[in-house]
Amino acid sequence: MNLSRYIASRLTGARSDSFTASVTKIAKFSVGLGIAIMIVSFAILEGFRYEIQAKIFSFGGHLQISKFDTNNSFEGYPMGTSTGLGDYKNIPGVAHLQPFARKTAIIKTEDEVLGVVLKGVDTTYDFRGMRANLVSGSVMEFNDTAASNQIMMSQLMADKLRLKVGEKVLFYFIQNPPRMRRFEVKGIFKTGLEEFDNVYVLGDLQQIRDLNQWPDTLVGGYEILLNDFTQIDTVTSQVFDKMNYDLQLEKITDTYAQLFDWLELLKRNVIIFLVLIVFVATFNMVSTLFIMILERTNMIGALKAMGATNGQIRGIFLHRGLRLTIAGLIGGNLLALLFCVVQDYFHLIPLDPENYYMDTVPIHWDWRIWVGINGITFLLTMLSILLPTLLIARIHPVKAIKFD
């Protein structure tokens, strides 16, 4: 067996009541607690980012193509089904293309009046994100022969209007001449984002075509869903180069810039916090090895007197630091895993939806982040413990060995 590794293993069996043993336990605890906090923090941060982005994408897609309009109105100008993109599946990164149209309306019940925007979609609309937001009912169904009279509205609107799933409600459209439609509430959703819950009602695109007297070849615009949101800038450039010159392209990050800026600020604050945690954990490990070296000064002097080199003695404490680091990492990962599993399945920690856009602390599982955090922590800790081992070269056998 390697001499340094053997002596390091013998040091592990030091008395549990010794000062070194106490300091060792503190070092393990600091590394374990630090790695657990970092993993949990990133799991929660990614959970916030993933949940909020999923809510936004369920309404707006990643990119939006519309007719060039200087009025910036909700409804906008109609455009044809030709976008200039050809077969969108040939554009790298583009996953789906879905048409939409918007029309402002007034909802009237016996007691309440509410202004909304009816967003019309068709059978190609991706309802996966909206299904995750449903609190009652189901997604709307489309008719093959006529426009569907089913709609989906937010819980916030339903509470204001005192409506439930299955009830009928009147929509008034201010146009010339004014029109009225009776719709059935098919589903009620809740995103927690006032930008959507206070404004939008989902309905059939054909209803808007009929109200505006559009042919089937006109739509309000197209939403583009991407395979990878992180590639939005690259895909935006490719789509912009291909689409017709009289169309405009808008990224979801620009449309709802305040939400994405909030997520970025949150991420920056968490990273600063985690840097401090790593600093404390590595500082504790350095302090622990300094104490172990000073307490074992006599042993170091004896080993040097018997011919051990500085490298061999340094290896003893490097192996000791390695054992402490690995023990701390294992304990911290188990603690983080336990917390994430319990929170993800039982939702023990609640949140105020008005401030955080969700009612419980979210957990997002990304094993790449777990591996990255463990790898960075292990590397920085092992580099940091090289510092105290440099003290070994300054210990001289004659001064270190003491006789009673």
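Contact here means heavy atoms within 4.5 Å of each other. By that criterion, and not counting residues up to four places away in sequence, S41 touches V270, F273 and L274. S41 belongs to helix 2 (residues 19-60), where helices are DSSP runs of H or I with at least four residues, strands are E runs of at least two, and both are numbered from the N terminus. S41 counts as buried because its relative accessible area is 16%, the class being under 20%, with exposed over 50% and partly exposed in between (1.4 Å probe, protein chains only).

The model is predicted, so local features need pLDDT of at least 70 and side-chain atom pairs count only at pLDDT 80 or more, while totals for chains, interfaces and linings use all residues. Residues are numbered from 1 along each chain as its sequence is written, and side-chain values use heavy atoms, leaving out hydrogens and water. The protein chain has a mean pLDDT (the predictor's confidence in each residue, from 0 to 100) of 85, and 91% of its residues reach 70 or more. Confidence is highest in strand 6 (residues 150-154), at a mean of 96, and lowest in helix 15 (residues 397-400), at 61. Where pLDDT is low, the predicted coordinates should not be read in detail.
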